Amino acid sequence: MNRALYILVLAQLAACSASESDVAPPSTPVIVAPESTAMPTLPRPWTDDVLAAETERYLTDSAFRRRVLEASLTNPKNVYSLTRLSGYGLEARGWEMLPEWTPTTTSVDNAYVAGLRNGAPVAISATAKPLWDGTKPTTMSEWVALGKKVFYEYPLRSEVFAEHALRSEQLSDRIGLYPDENGVWPGVVAFETLDGDHEIGITCALCHVSLEGDTSVAGQARRNLDYGEMRVAYYRDTGAFLAENVRARMSRWGPGRADITQDDDEDPVAIVDLWGVRDHEYLTQSGTIHQVHPAALAIRQETQLLHANQERIRPPRELAWALAMYVYSLTPPQAVSSALTDSAKHGKALFAQHCDHCHRDKNYGGLLVSAAAIGTDPILANGSARGTGLYRPTPLTRVSQAAPYLHDGTVESLATLLDPKRQVPGHRYGTELSLADRNALVAFMETL
């Protein structure tokens with residue numbers, strides 16, 4: 001049975017029990033193990049030596065990249081997959097023919113923002129240079145260092161909404177734009193566009209760098225970022241036209257959520273942490289990408305940058321690989337409490353009994369589970385954009401700091417997640433426990 005048919009049958013079978021899953025969780029959720037593919041999965045663990053050995057295949061072999069792409073798409077019929085299958089890894093056509101682009105950028109710091117707020121135009125430094133000089137790294141530390149530059153400095157696209165927010169102290173505070181401990185505003189850069197203009201752009205760090213106390217944490221979801229309000233504020237303040245239904249949708253996203261899928265469904269998702277990505281079997285909340293090889297993440301990064309820049313350019317593949325290596329290097333701060341109290345020890349036993357059927361890998365994530373069995377809002381899982389009929393169990397590393405919960409960020413706390421009186425549907429696992437047991441389970445999760 002081919003992959004698409006297998007997943008379709010699974011989703012249809014699981015849908016038969018959807019109404020029951022809203023009442024009580026099944027004892028054994030339907031879990032989807034990785035299928036064998038034409039390209040064998042690279043054996044784990046992916047050590048730095050393994051990654052180094054695979055670098056050249058990704059950089060130089062377009063047929064290999066195409067095989068990885070095809071093997072990594074959980075549902076090859078959704079819009080995300082079809083877009084990439086139509087343009088990526090096609091030898092001498094498609095996206096292969098786009099020019100490589102290494103942007104010239106200037107970091108946005110407190111002085112730069114002060115200038116914008118005094119009416120200065122967007123401009124890059126007269127001494128600014130392209131963020132990469134073309135020298136290919138030779139060690140893992142060099143790849144990671146280059147990837148960090150891409151993470152912070154490579155613009156996904158021009159973002160007039162972010163520029164508008166930077167020019168207003170009140171607005172930037174309200175929507176979660178702020179400087180780090182060094183006075184640099186992560187996630188926004190000034191850059192020279194393909195047309196030679198100077199504009200503000202957004203980078204990966206916009207969503208995946210947060211402040212913990214006075215320290216910025218790379219890889220941590222920026223859960224106070226209200227991207228929808230940032231966009232709505234621009235239209236409201238400038239008087240530019242925005243359809244009322246679109247305004248209403250973006251206003252409903254709220255902090256820590258965004259809807260970036262390519263369909264008309266309203267399916268905002270929670271911004272995720274980037275801990276332990278090297279060990280994840282699947283990427284994205286609906287498991288859009290099966291991480292069969294490190295090149296699967298690099299291809300995701302490459303095509304994300306390419307697509308966000310309106311398919312006018314593609315990043316040098318060295319930069320996409322470097323970005324993947326940087327993401328693989330990210331490690332979380334210490335958990336809130338690493339000590340196992342008596343209550344946490346009891347919670348650990350409860351977790352093994354009630355939770356680790358799904359949350360079972362080293363990051364407390366796991367294989368894909370039927371969206372119908374989980375019972376949460378199914379729109380993302382079943383949507384045309386990135387739908388698979390499935391959801392990925394969220395990795396639980398530092399879960400006590402990761403509120404709001406569920407794929408769409410609709411539950412405000414772990415206690416509420418386990419509360420049998422919770423109004424948000426789905427994921428009823430653990431709600432049947434006594435209050436004392438639920439508290440013990442939370443105590444254990446605070447150690448993760």
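I began with D237, which forms a salt bridge with R236, and the closest N and O atoms of this pair are 3.8 Å apart in what is a predicted model. I looked up the accessibility of both partners: D237 is partly exposed, with a relative accessible area of 47%, and R236 likewise counts as partly exposed, at 47%. I also noted a network, in which R65, E96, E302 and R317 are joined by salt bridges that share partners.

I then asked how many salt bridges the structure holds. I found 21 of them, and I followed two further pairs in detail.

For R278 I recorded a salt bridge with D48, where the closest N and O atoms lie 3.1 Å apart. This pair links distant parts of the chain, since R278 sits in the loop between β9 (269-270) and β10 (282-283), D48 belongs to helix α3 (residues 48-60), and the two are 230 residues apart.

I have R314 as buried, at 9% relative accessibility, while E100 is partly exposed, with a relative accessible area of 46%.

I turned next to α3 and its packing against helix α4 (residues 62-72), and I read an angle of about 100°, with the axes 6 Å apart. Angles from 65 to 115 degrees count as roughly perpendicular, and I therefore describe α3 and α4 as roughly perpendicular to each other. On the α3 side of the contact I listed E54, R57, Y58, L59 and T60, which meet S62, F64 and R65 in α4.

Which residue of β7 is the bridge partner of S210? I found V217 in that place. The hairpin of β6 and β7 has two residues between the strands, and I noted there that G213 takes a positive phi near 70°.

I placed H427 in the loop between α18 (414-417) and α19 (435-445), and I count H427 as buried because its relative accessibility is 17%. Leaving aside the neighbours of H427 within four places in sequence, I listed H359, I374, T376, L406, L417 and R422 as the residues in contact with H427.

My last entry concerns V246, which lies in helix α12 (residues 244-251) and is partly exposed, with a relative accessible area of 32%. I looked up the separation of the C-alpha atoms of V246 and R44, which are 202 residues apart along the chain, and I wrote down 44 Å.

How values were computed. Residues are numbered from 1 along each chain as its sequence is written. This is a predicted model: local features need pLDDT of at least 70, side-chain atom pairs count only at pLDDT 80 or more; totals for chains, interfaces and linings use all residues. Side-chain values use heavy atoms; hydrogens and water are left out. Helices (H or I, at least four residues) and strands (E, at least two) are DSSP runs, numbered from the N terminus. Buried means under 20% relative accessible area, exposed over 50%, partly exposed in between (1.4 Å probe, protein chains only). Contact means heavy atoms within 4.5 Å. Two strands pair if DSSP finds at least two bridges between them. A salt bridge is a side-chain nitrogen of Lys or Arg within 4 Å of a carboxyl oxygen of Asp or Glu. Axes are lines fitted to C-alpha atoms, for helices over the stretch in contact, and angles run from 0 to 180 degrees between N-to-C directions. Angles under 35 degrees count as roughly parallel, over 145 as roughly antiparallel, 65 to 115 as roughly perpendicular and the rest as oblique.
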